[in-house]
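Hello,

Here is the structure I promised to pass on to you. Please open it next to this email and follow along.

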Amino acid sequence: NSGYLYNKKKLRGEKRLWVAICMYMIETGGKYHICCLDDPKGMVHYSFVIPYCKKFSFMQKKDYLLGPCFTRADCRGQHIYPNMLMHISKEILEVTPDADIYILIREENLESLKGIAKTDFELIGKCTKTKILKHYKFC
């Protein structure tokens, strides 16, 4: 598993969201947040906001990782993903001005790669997930 690293139903399967919630609850000691955007039909978008986590070897204690993220299919193409990333980043930097903010995107996720291109995040490298501990490190 490799992906690009960027700096700076209602849901598609509620099971997927609950698995991620449980995983990050354990990994971060419950210190993550989920930013959600709803409309009358339900959940439009969610983004996990993960503070320093040992699973991501490139992070320091002041840093944050955004993701996983999801935008409902009928709401895609409306700039929701990049706007949410920029809004969340702004909120983080107001509280922790020296934080680095990372986004990890799988290389086959073309929609997210298009979305990140509309933000001021910049590509800083490529990383891989280790086979045994499932930690992420730079290639």
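Below is what I found in it.

This is a predicted model, in which local features need pLDDT of at least 70, side-chain atom pairs count only at pLDDT 80 or more, and totals for chains, interfaces and linings use all residues. Residues are numbered from 1 along each chain as its sequence is written, and side-chain values use heavy atoms, with hydrogens and water left out.

The chain has three helices and seven strands, taken as DSSP runs (helices H or I, at least four residues; strands E, at least two) numbered from the N terminus. Their order along the sequence is β-α-β-β-β-α-β-α-β-β. Of its 139 residues, 40% are buried, where buried means under 20% relative accessible area with a 1.4 Å probe, protein chains only.

Now for the rings. There are four aromatic pairs (rings of Phe, Tyr or Trp, the last by its six-membered ring, with centres within 6.5 Å; planes under 30 degrees apart are stacked, over 60 edge-to-face, the rest tilted). Phe 56 and Phe 58 have ring centres 6.0 Å apart and planes at 55 degrees, so this pair is tilted. Both of these residues are buried. Elsewhere in the list, ring pairs join Tyr 46, Phe 48 and Phe 70 into a cluster.

Which element gives the most to the lining of the second largest pocket? That is α2, with five residues. A pocket here is an open set of points on a 1 Å grid over the protein atoms alone, where a 1.4 Å probe fits, with protein on both sides within 12 Å along at least five of seven lines; lining residues have an atom within 4 Å of a point.

Enjoy exploring!

Methods: Buried means under 20% relative accessible area, exposed over 50%, partly exposed in between (1.4 Å probe, protein chains only).
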